[in-house]
Amino acid sequence: MLFTAFVAMTTLLFLRLSRLPSVIDYSKSDLALLVSWLMLTVTLVVDARFRIGVVVFFANVVSFGLALFAGGLQADAREHWLPAVNLLIVHIALATLGEAAFAFAFAFALMHLVQERHLRQHRFDRWFLQLPSLATLDTWALFASAVGCALMLLAMATGSFWGDLVLHRWLLLWPKFIATAVCWAMYAIYLGLRIVRRAADRRLMFYQVACFVALLFNLFLVSGRTPAGVA
Amino acid sequence: MHIIVVGMSHHSAPVDLRERVSLSGDAHSHVLTQLGGSRTVLESVVLSTCNRTEVYALVNSTHAAHDFILTLLANTSGVPKQDLSEHMYLKQGEAAVAHAMRVACGLDSIVVGETQILGQMREAFQTAFEAGNTGAMFNRMFREVLHVGKRAQTETTVGQHPVSVSYAAVQLASKIVGGLEGKVALVIGAGQMGALAAKHLSAQGVKRVLLANRTLAKASAIASEIGAQALSLDGVEAALKDADIVVSATGRPGHTVKAAFVRQALVGRRGRPLVLLDIAVPRDIDPACAALPNVYLYDVDDLNGVIDANVQERARQAALVEDMVAAGVRAFSDWLTEQEVVPLIVALRQKGEAIQRDVMESLVRKLPHLSERDQKIIHKHTMSIVNQLLREPIQNVKELSIASGDLAYASMFAQLFGIDPVKTDDEAAESRAVRLMDVLSRVLGEVSHQGQPNLHPVLR
């Protein structure tokens, strides 16, 4: 069934991307679908080798949620891009991978919360047996967040550099940049808190979920258009 | 021909008998040589582990082969044949093949789902193969057996659900702190339960085990055995600060571990979780500890809950493995049937080609003016007629034979097309008997195997 979902999503992504006039002329819907597809692919490949079992399920829940967003945003106007395409492609790739890493961190945080609830309520069922330990989920969430933070920082740097190169000014007051910087700062706070502590508890995992909600808000609701008049 | 397994395991024989019958080195080779030289046994594989000794054999006569194998094992082990026969089982046909698959999957092991047996089964087959004791049928059968065993290991978690209290405690602690390696465990109480818990934790790779007891001398004695550190009950409060896992089993009235101790111990832990396992009755640890942040408290009832979950999950996984075994038996049966239909198909094709050849020769004689090109075209088209006529009947007889599991349809097919495959008298008699039984069962409206397709006669 998962394989069928993967084939269907790959086909949909291929059809969407094949209709793009150019690589960078994508919509938010395409981006969400790409992040969703990346998550599904990574989990399936890893599962085939290491049997991560229920992780696939949670990654798919998140992936499906993103795909739903993608469907809802199909009517969005496409961005109108500017020169220095190569740098822009690097920026987009880094941002996409960073968002995929954060999506994984979110999936691990959800799993942590579910397992923690089972352990607190002394509910010993299949979920309890199949979900990894709290320590493992905490480590995976930390790792995914750290990777996401690094990639996002690089994406912001390349984006700003592109702005300077093409628009001849730094885009520090651009709403998209501000929102992304806020999201990055939220994740950085999470990483700081987690490193100071020796393990994540429920509150920190809720905070991790909040970080991802903020990221979604940034991804789908904050306009990615470049400042008016400069194009 | 029949597939049988004659053997003994922990289900049927005590350990003293199993160890006498167990075959290793020269004895194993000797038994294989004897089986290879027998007229009754056509193919054989000998599996001998610490918990089972089994001979899988393809035989002409079940009764004669059973007797031969019993005698052989009695002579090799020195155990009287009568004693041996009381503790050995005989399975044949489908039951024997399914048994081999269950053994390979670890379903028949003492520790259900253990994985070592698959390697032992592979080695047993390899040894028999190298000794020349296996042929086409056992090569295929054991390929299927090992495939099912591998699937059970990789696609299910049948071996990952232990059902003892000590394992449940370890499992529960591991779900919180991850692996136990590098962790610090504090065991309170050096009675039977406490000592067992300390030994078990030590065996699981815990970095440091602290054993606290009212009588320090008793704790010291046990601690020195397992490389733990002994302390008195007064030292528990301080030891809590370092501990990741606490197992309490003093059995004394009142709470040995008070909530105030634990609250104090949480200072400076920086969110590091603390697992408290109270296996004493009456309980040793203050239930109020459960409300503290990053503290997870469980008692004996919780451990029983974990065991119940493991039992249920193991049953679910075992059912999945049973499905794999059934599919494996089915695949082997289909292969057996195909092997018998293939010669008929070859014979039919040869007959078709012979007819086409005769027709071509006749045409060339009657129409001598045909050019070489015309002859090629006519040859191509007449062959096409033969192929088109035979395609569907061949496909149908393969499918019907696999579905029915015997040669009744193949035999009818042969008669319809006037093919007469060579058969020995025994095979012909067996085939007639099978056909008769098949007809009778259909007349009586019997649906074999709950509506599933029949298995090949060798597996019945």
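This is a predicted model: local features need pLDDT of at least 70, side-chain atom pairs count only at pLDDT 80 or more; totals for chains, interfaces and linings use all residues.
A salt bridge is taken here as a side-chain nitrogen of Lys or Arg lying within 4 Å of a carboxyl oxygen of Asp or Glu. Counted over all chains, the structure holds 18 salt bridges. One of them links B:Glu322 to B:Arg102, with 2.9 Å between the closest N and O atoms. B:Glu322 belongs to helix H13 of chain B and B:Arg102 to helix H5 (residues 94-105) of chain B, so this pair ties together parts that are 220 residues apart in sequence. B:Glu322 is partly exposed, at 30% relative accessibility, and B:Arg102 is likewise partly exposed, with a relative accessible area of 30%.

Another salt bridge brings the two chains into the picture. The side chains of B:Glu313 and A:Arg126 meet with an N to O distance of 3.1 Å. This pair crosses between chains, running from helix H13 (residues 300-366) of chain B, where B:Glu313 sits, to helix H5 (residues 126-130) of chain A, which holds A:Arg126. Is B:Glu313 buried or exposed? B:Glu313 counts as buried because its relative accessibility is 2%, and the cut-off for buried is under 20%. A:Arg126, in turn, is partly exposed, with a relative accessible area of 37%.

B:Glu155 and B:Arg151 form a salt bridge at 3.2 Å, N to O. Both residues lie in helix H7 (residues 136-155) of chain B, where they are four residues apart, or about one turn of the helix. Here B:Glu155 is partly exposed at 38% relative accessibility, and B:Arg151 is partly exposed with a relative accessible area of 27%. Salt bridges also form a network: through shared partners, A:Glu116, A:Arg120 and A:Arg202 are joined into one.

Attention now turns to the strands. Strands of a sheet pair through backbone hydrogen bonds, either parallel or antiparallel. In chain B, four strands make an open sheet in the order S2-S3-S1-S4, and the pairing is antiparallel. Strand S2 (41-48) and strand S4 (89-92) of chain B stand at the edges with a single partner strand each, so one side of each has no neighbour in the sheet. On average, and with direction ignored, neighbouring strands of this sheet are turned by 15 degrees against each other. Strand S1 (residues 2-9) of chain B is joined to S4(B) by four bridges, and these two strands run antiparallel. Within this part of the sheet, B:Val6 stands opposite B:Leu90 in S4(B). Helix H3 (residues 62-77) of chain B packs on the sheet and touches S1, S2, strand S3 (52-59) and S4 of chain B; the direction of the helix makes about 35 degrees with that of S1(B).

Finally, there is a helix pair to look at. Two packed helices are described by the angle between their axes and the distance between the axes. For helix H14 (residues 372-404) and helix H15 (residues 408-416) of chain B, the axes come within 8 Å and cross at roughly 150 degrees. Angles over 145 degrees count as roughly antiparallel, and H14(B) and H15(B) are therefore roughly antiparallel to each other. From H14(B), the residues B:Pro393, B:Ile394, B:Val397, B:Leu400, B:Ser401 and B:Ser404 meet B:Tyr409, B:Ala410 and B:Phe413 in H15(B). The residues of this contact comprise seven nonpolar, two polar and no charged ones.

Note on methods. Residues are numbered from 1 along each chain as its sequence is written. Chains are lettered from A and ligands numbered from 1 in the order in which they are written. Side-chain values use heavy atoms; hydrogens and water are left out. Axes are lines fitted to C-alpha atoms, for helices over the stretch in contact, and angles run from 0 to 180 degrees between N-to-C directions. Angles under 35 degrees count as roughly parallel, over 145 as roughly antiparallel, 65 to 115 as roughly perpendicular and the rest as oblique. Contact means heavy atoms within 4.5 Å. Ala, Val, Leu, Ile, Met, Phe, Trp, Tyr, Cys and Pro count as nonpolar, Asp, Glu, Lys and Arg as charged, and the others, Gly among them, as polar. Two strands pair if DSSP finds at least two bridges between them. Buried means under 20% relative accessible area, exposed over 50%, partly exposed in between (1.4 Å probe, protein chains only).
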